[in-house]
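User: Hi! I'd like to learn how to read helices, cores and salt bridges in a model. Could you walk me through one?

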Amino acid sequence: MSTQALKFVPASEFKERAALAVADEHLRRSFRGAMDFLIGKRAAQFPDLAAFERQRALAEHIRKYSLARLPDLLELLERRLTENGVQVHWAENGEQANRIIIDIARSHSTRLMVKGKSMVSEEIELNHAMAEAGMEALESDMGEYIVQLDGEKPSHIIMPAIHKTKQEISRLFAEKVPGAGYTESVDELIGIGRAVLREKFMIAEIGLSGVNFAVAETGTLCLVENEGNGRMCTTVPAVHIAVTGIEKVVEKLEHVPPLFGLLTRSATGQAITTYFNMISGPRKPGEKDGPREMHLVLVDNGRTQAYSDEQMRATLQCIRCGACMNHCPVYTRIGGHAYGTTYPGPIGEIISPHMMGLAATHVLPTASSLCGACGEVCPVRIPIPDLLIRLRGEAQHDARPGHAPLLGQGAAKSGLVDAIWSGWAALYTRPALYRAFGWLATRFRVLTPPLQSGWTVSRTPLKPAKRTLHEQMAARKT
Amino acid sequence: MSARDHILQRLRAAPQGQPPLPPDVPGFYAALGAALPASTRAERIDLFCDRMAFWHGEVVRVSRESWPNELRRLCAAKGVRSLLHGEQYSEVLTAAGIAGLKPYDRPIEEWKSELFENTDASLTSTRGGIAETGTLIVWPDASEPRLMSLVPPIHFALLDADQLYDNLFAAMSAQSWSGNLPSNALLVSGPSKTADIQVTLAYGAHGPKELVVLLLVDERD
């Protein structure tokens, strides 16, 4: 059984949770199996590497172009959506976004909100805010429904319940779903979820969804899904609220096919998903279904901080496929919950510091071997390893001249580390001092301590050689 | 200042560097197309059928005259007792003698539970299909509302083989989508599915459990 606390826990306790997760054989088997499966499925979609490189070069270009024009595109999107009858709201942080959504819900005397998959709604902790406001927010994506039923958070952005086995879900349904018997048939389990949730789609006052791409020129919100719950949430209830990060906008409809094609292939190895839902407005006069009222909430929540730095802006190119986590040797071994953030894995390590500040998250960019797999599979070519190194640095020092400090800048600064580096610099820039140090270190090598802090946890102690390299070279020459 | 002003101000204050040129998406697809011989109608049909089968969609080749009879046969074989349809098909479906016809003629609020609990199948038209991915282009409107292709457990879709495109970009360019998108436009590739339980694929997650494409072909096909 899983030994982790399966709530969102402080990211700063990452190391303790990672150690527990690594020791949990059951969890490791679940993730290893699922990640190998997804890696294989994705690889089969890109048999021609040169063609893949051309596709991702175009996708990267589209994302960079969109970001370069972001403020203009957001204004154009707002104008088009407003013309189409959609109300557009802006939120600087999660609290503001939740307040906007709760106010809309209250104005419709909402008891139940059904939710399609939305990582931004996880990011702003909407379900919690709705519960505090006395309204129910029910997840309807099968994976999200399962983790919500068990009081958990998603452990993967595409496959939220990937950490659970069929047997665990069988027990969960038998225990928590009224009238459900125990069954280990996946078809029957899905049938149980379908029946419960169809009842809810019918009675919910509000449907909430995320957004995969927002097209500025047409005022269109695009949603990618296999199950159809996203379509239910955006069509059956009288009110539809979409919530998205400000970075999801593209200029033209023609910019969508290259990104969509890479998104589904990179995420689950599918050439396309069952549904691609393009929504350009609420029900028009004469139409017989669709929401009567539609809202879009544009959320910043730290994205403008990443945007303000030319290198870190690349973080916002992300289209949330999850390929970086599927291929990450660290994620595969510790699973999504260990990170303690909405977005786990490599993308989470580079986006969470902007959302939550480096004080809470500075340990996350160190959860990487810098093997480079995340950067190689990223369909929009985000240089994730470079950004990890950059953030490690930003956590260790004050802002460089000309740069605004990041939230939590220098949070991991340590006087001891700074002193060691100053001493190191002093030695290596003064030849006489360096030679004296070398002579002392080699002659008194027996005094080297056998326990050397973190180094000796899993390595043999460092010990200087009997003679310095200079002396050894001189001896060889004679 | 409002949240909107704050956000836009921060974005505008960010260093801009050299702005990238607009991406040449048409050029990319033109180069893809130029690398291969142009697809023939027969190839597009075959590829579409192959890919749709991969998504567990059923494709039945029908003629422009015979499809209502073919639909009657399929409804009987699948035990369909009620078939939801747009009003434009009332006449031909009645003439074919299909039982349990149900036009979508009222706003959803007036018959929601009947739609969810007591409607076995639906028939919709399509605006075309995409061969590369085995995809239907479905544009709901006043006579064929959005929920027709989602709520009933079986979805029958009429697809004209003349309207098969190589890929999504070709379809949206040829049909100039960007100027005239409806309030909801859909791409549908197979019946609803999920792999959220232990990556095991299951069909009929929230939407239709079966998708049956009635592919309108000519004698030459």
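Analyst: Happy to. Helices here are DSSP runs of H or I with at least four residues, numbered from the N terminus. Keep in mind that this is a predicted model.

User: Which residues of helix α4 of chain B are buried?

Analyst: The general idea comes from helix geometry: an α-helix has 3.6 residues a turn, so residues three or four places apart point the same way. In this helix, which spans residues 67–77, the buried residues are Trp67(B), Pro68(B), Leu71(B), Leu74(B) and Cys75(B). They lie on the same side of α4(B) because they cover an arc of only 120° around the axis. Ala76(B) and Ala77(B), on the other side, are exposed. The cover over the buried residues includes β1, β2 and α5 of chain B, along with β4, β7 and β12.

User: How should I read the nonpolar core, and which residues have the most contacts inside the largest one?

Analyst: In soluble globular proteins, nonpolar side chains tend to be buried together. Here the largest core has 137 residues, and Phe213(A), Trp177(B) and Leu187(B) have the most contacts inside it. Leu187(B) touches residues of both chains, among them Phe260(A), Ile272(A), Ile130(B) and Trp177(B). A second, separate core has 53 residues, including Cys233(A) and Phe116(B).

User: Where do I find nonpolar side chains on the surface?

Analyst: Look at the patch formed by Val417(A), Trp421(A), Trp424(A), Tyr428(A) and Tyr434(A), with about 540 Å² of accessible area together. Helix α20 of chain A gives the largest share, 4 residues. Trp424(A), in that helix, is partly exposed at a relative accessible area of 44%.

User: And how many salt bridges does the structure hold?

Analyst: Side chains of opposite charge can pair when their charged atoms come close. Over all chains there are 48 salt bridges. In one of them, Lys115(A) meets Glu139(A) at 2.7 Å, N to O. Lys115(A) sits in strand β2 and Glu139(A) in strand β3 of chain A, so the pair ties together parts that are 24 residues apart in sequence. Both residues are buried.

Another example is Arg64(B) with Asp218(B), whose closest N and O atoms are 3.3 Å apart. This pair ties together parts that are 154 residues apart in sequence, because Arg64(B) lies in the loop between β1 and α4 of chain B and Asp218(B) in the segment after β12. Arg64(B) is partly exposed, at 36% relative accessibility.

How values were computed:
Residues numbered from 1 in each chain as written. Chains lettered and ligands numbered in written order. Predicted model: local features only at pLDDT ≥ 70, side-chain atom pairs only at ≥ 80, totals over all residues. Heavy atoms only, no water. Patch = residues over 30% accessible without salt bridge, like charges linked within 9 Å, V, L, I, M, F, W, Y side chains within 5 Å. Areas by Shrake-Rupley, 256 points an atom, 1.4 Å probe, with all protein chains shown as cover. Salt bridge = Lys/Arg side-chain N within 4 Å of Asp/Glu carboxyl O. Helix = DSSP H or I, 4+ residues; strand = E, 2+ residues; numbered from the N terminus. Buried < 20%, exposed > 50% of the residue type's maximum accessible area, 1.4 Å probe, protein only. Core = buried A, V, L, I, M, F, W, Y, C linked by side-chain atoms within 4.5 Å. Contact = heavy atoms within 4.5 Å. Arc of directions from axis to C-beta.
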